[in-house]
Amino acid sequence: MSIKLNQLADNQGATHNTKRLGRGIGSGKGKTSGRGVKGQKARKSGNVRAGFEGGQNPLYRRLPMRGFNNFNFAVDYCEVNVGTLQKLVDEGKLDANLPISIDSIIGIGLTKKAKDGLKVLGNGELKAKLHIIAAHASASAAEKLKKAGGKLEILPKKEYASGQKLPKQA
């Protein structure tokens, strides 16, 4: 038995006639063509995205966020340049003989919050011999401090957070 091209056909029930919309009341799909009555979705361009609630804050935005986020682990240091420290020493606001920490920086009004500790950056010139206690320091700042004969002490973030008393300026 051979297959003839003129005898090929789909299985019975495999194809369906398309719905003829808007062809009178008797068709069952007349007038509104199965779209119900009025409203945004009854219009020709009434397709709204999934989750759209008519401008109301949608459910996915009303629920709290869950899961991992790197923002929770971001470190925000209170940054100060060695040039700024030298200027403060020259003006007499900082004593070069006492250790300089985040508390002394707050004490003179350079910043209001300790954040995650003091970070010393290397912008500017440093002539004074300073002892700095910080949470972090750039390589250029450490080099300039060493060149001026000063001392840099790096404390971990834990010790800042534990409420340990750091030395204050008078």
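Arg 62 and Glu 53 are joined by a salt bridge in which the closest N and O atoms lie 3.4 Å apart. The structure in which this pair occurs is a predicted model. Side chains of opposite charge can pair when their charged atoms come close.

How many salt bridges does the model contain? The count comes to three. Another of them connects Lys 115 with Asp 76, with a distance of 3.9 Å between the closest N and O atoms. This pair links distant parts of the chain, since its residues are 39 positions apart: Lys 115 belongs to the loop between helix H3 (102–107) and strand S2 (118–121), whereas Asp 76 belongs to the loop between helix H1 (59–62) and strand S1 (78–81). Lys 115 is partly exposed, at a relative accessible area of 48%, and Asp 76 is likewise partly exposed, at 44%. A salt bridge also forms between the side chains of Lys 93 and Glu 91, where the N to O distance is 3.8 Å. Here Glu 91 counts as partly exposed, with a relative accessibility of 44%.

The two loops joined by the Lys 115 and Asp 76 pair lead the reader to strands S1 and S2. Strands of a sheet pair through backbone hydrogen bonds, either parallel or antiparallel. In which sense do S1 and S2 pair? Their pairing is parallel and extends over four bridges. Within it, Asn 81 has Leu 121 of S2 as its bridge partner. On to the next neighbour, S2 is joined by two bridges to strand S4 (residues 136–137), again with the strands running parallel. In that pairing, Val 120 stands opposite Ala 137 of S4.

Taken together, these pairings give an open sheet of three strands in the order S1-S2-S4, paired in the parallel sense. S1 and S4 are the edge strands, each of them pairing on one side only. Which helix packs on this sheet? Helix H2, formed by residues 82–91, packs there and touches both S1 and S2, and its direction makes about 70 degrees with that of S1. Glu 91, the partner of Lys 93 in a salt bridge, is the residue at which H2 ends.

A pair of aromatic rings is described by the distance of the centres and the angle of the planes. The structure holds one aromatic pair. Phe 68 and Phe 73 form this pair, with ring centres 5.7 Å apart and planes at 25 degrees. The arrangement is classed as stacked, because the angle between the planes is under 30 degrees.

Ser 33 is not a glycine, yet its phi is positive, at about 55 degrees. Ser 33 lies in the segment before H1 and is partly exposed, with a relative accessibility of 22%. Lys 38, found in the segment before H1 too, also has a positive phi in a residue other than glycine, with a value near 45 degrees. In contrast to the partly exposed Ser 33, Lys 38 counts as exposed, at 71% relative accessibility.

The view may now be widened to the whole chain. Five helices and five strands make up the secondary structure of the protein. Read from the N terminus, the elements follow the order α-β-α-α-β-β-β-α-β-α. The protein is more spread out than a compact globule, because its radius of gyration is 37 Å, well over the 15 Å that the globule rule gives for 170 residues. Its C-alpha trace spans about 100 × 55 × 30 Å along the principal axes. Of the 170 residues, 24% are buried. Among contacts with a separation of 6 or more, those between residues 24 or more positions apart account for 47%.

Note on methods: Residues are numbered from 1 along each chain as its sequence is written. This is a predicted model: local features need pLDDT of at least 70, side-chain atom pairs count only at pLDDT 80 or more; totals for chains, interfaces and linings use all residues. Side-chain values use heavy atoms; hydrogens and water are left out. A salt bridge is a side-chain nitrogen of Lys or Arg within 4 Å of a carboxyl oxygen of Asp or Glu. Buried means under 20% relative accessible area, exposed over 50%, partly exposed in between (1.4 Å probe, protein chains only). Two strands pair if DSSP finds at least two bridges between them. Rings of Phe, Tyr and Trp (its six-membered ring) pair if their centres lie within 6.5 Å; planes under 30 degrees apart count as stacked, over 60 as edge-to-face and the rest as tilted. Contact means heavy atoms within 4.5 Å. Axes are lines fitted to C-alpha atoms, for helices over the stretch in contact, and angles run from 0 to 180 degrees between N-to-C directions. The radius of gyration is taken over C-alpha atoms; the globule rule is 2.2 Å times the number of residues to the power 0.38.
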